[in-house]
Amino acid sequence: MIQIFVPAFNRPDFLDLQARLFDKFLLDDEYQLNVLDDSQEKHITEKMKIVSDHRNIKYYKTPSEWERYSADKSAIPHCRSVQWMFDTIAKEHHRNDMVMIIDHDCFLVSEFCIYDFIKDYPLAGFPQSRGTVEYIGMGLIFLNMPKILEMDDDIKFHSGSVKGEVCDAGGNVHHWLSRNNFPHKRIQLDYGYVDNDIPVDTDPVARYPGRVPHTFNGVDLMSDELDYPIEFFANRRFIHYRAASNWFSQEWQKQDREPSEEKTKVFNDVINTII
């Protein structure tokens with residue numbers, strides 16, 4: 001069975017949209033959508049529960065005793081939620097399943113079969129690097145749990161310093177990759193480019209050959225003009241809004257407003273071509 005986990009800090013409206021799009025485009029026969037609710041506001045938690053009940057989403061609230069972080073340190077709680085899920089939920093209850101971890105602002109926008117995509121790979125994700133340290137970004141990851149448990153189940157998803165390089169969320173996955181000779185399917189972070197299996201020694205710059213296609217279904221994405229521009233994974237099967245929790249805007253946390261109204265308008269125009 002497919003188990004899809006969404007680490008969420010806010011934006012219950014995006015959780016609802018994810019559920020609708022998985023129902024529309026995911027081709028696998030059986031799947032369960034799960035939310036890892038790490039929200040810090042009671043009204044957000046209540047909305048997450050309402051959406052979960054309405055969309056048949058399995059709801060998990062992260063441990064209340066965890067230290068809380070400001071929005072600008074979002075990578076820390078994000079990684080912590082994923083690690084908690086992997087150690088206490090996936091390894092305990094989903095040992096025979098395929099586990100997908102997806103950002104709360106990443107959406108399936110065309111037909112896609114997870115089993116056909118990952119096949120016999122133990123792990124699939126899009127590569128990121130800092131210096132010579134290669135790891136897997138946290139926006140979209142597929143874990144073939146039977147394969148991982150057979151090979152090496154000691155995966156750490158945290159950010160932080162790895163071999164002297166300061167890495168973003170998922171940086172410590174590098175240790176698992178290097179121990180196991182990089183046995184993963186690489187999803188290109190694409191702007192319309194086809195995903196493929198990229199050799200380990202490929203120049204990292206060559207993996208991201210520019211933001212050329214600036215449209216989606218006829219909608220101008222204006223990616224050069226937007227903060228944290230919209231991006232795509234896996235040959236445009238997934239669209240990533242990016243930074244939807246607005247961790248980069250402390251002021252937003254006080255004013256309860258969307259700091260990038262134009263980006264929201266563009267994104268809504270894209271979604272309206274799909275729904």
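**Figure 1. D87 is partly exposed, with a relative accessible area of 27%, and pairs with K91 in a salt bridge.** The view is taken from a predicted model, in which local features need pLDDT of at least 70 and side-chain atom pairs count only at pLDDT 80 or more, whereas totals for chains, interfaces and linings use all residues. Residues are numbered from 1 along each chain as its sequence is written, and side-chain values use heavy atoms, with hydrogens and water left out. Here, buried means under 20% relative accessible area, exposed means over 50%, and partly exposed lies in between (1.4 Å probe, protein chains only). A salt bridge is a side-chain nitrogen of Lys or Arg within 4 Å of a carboxyl oxygen of Asp or Glu. In this pair, the closest N and O atoms of K91 and D87 are 3.5 Å apart. K91 is buried, at 17% relative accessible area. Both residues belong to helix α3 (residues 75-93), where their spacing of four residues amounts to about one helical turn. Helices (H or I, at least four residues) and strands (E, at least two) are DSSP runs, numbered from the N terminus.

**Figure 2. A salt bridge joins K61 and D37.** The closest N and O atoms of this pair are 3.9 Å apart. D37 is buried, with a relative accessible area of 0%, while K61 is partly exposed at 33%. Side chains of opposite charge can pair when their charged atoms come close.

Figure 3. D154 is partly exposed, with a relative accessible area of 36%. K156 is also partly exposed, at 39%.

**Figure 4. R186 is a buried residue of strand β10 (residues 184-186).** Its relative accessible area is 2%. The side chain of R186 makes a polar contact with the side chain of E134, at 2.8 Å. A second polar contact, at 3.3 Å, links the side chains of R186 and H184. A polar contact is a pair of N or O atoms within 3.5 Å; within protein, one must be able to donate a hydrogen and the other to accept it, and residues adjacent in sequence count only if both atoms are side-chain atoms.

**Figure 5. Two loop residues, N181 and N235, have positive phi values.** N181 is found in the loop between α6 (173-179) and β10. Its phi is near 60°, a positive value in a residue other than glycine, and N181 is exposed, at 63% relative accessibility. N235 lies in the loop between β14 (231-233) and β15. The phi of N235 is about 55°, and this residue is partly exposed, with a relative accessible area of 32%.

**Figure 6. Helix α8 (residues 261-272) has a buried side and spans 16 Å from its first C-alpha to its last.** The helix has twelve residues, and its span is close to the 16 Å expected at 1.5 Å a residue; the expected value is 1.5 Å times one less than the number of residues. K263, T264, V266, F267, V270 and I271 are buried in α8. These residues cover an arc of only 160° around the axis, which puts them on the same side of α8; the arc is that of the directions from the helix axis to the C-beta atoms. The face turned away from the buried side carries the exposed residues E261 and N272. The buried residues of α8 pack against several elements, including α1 (12-25), β5 (106-108) and β15 (238-240), where contact means heavy atoms within 4.5 Å.

**Figure 7. F142 belongs to the largest nonpolar core, which has 50 residues.** A nonpolar core is a set of buried Ala, Val, Leu, Ile, Met, Phe, Trp, Tyr and Cys residues joined through side-chain atoms within 4.5 Å. M100, I102, F142, I187, F238 and F267 touch the most other members of this core. Its largest share, seven residues, comes from α1. Not counting residues up to four places away in sequence, F142 touches residues including V99, M100, F112, I187 and F238. Apart from this core lies another, of 25 residues, among them F86, L123, M138 and I141.
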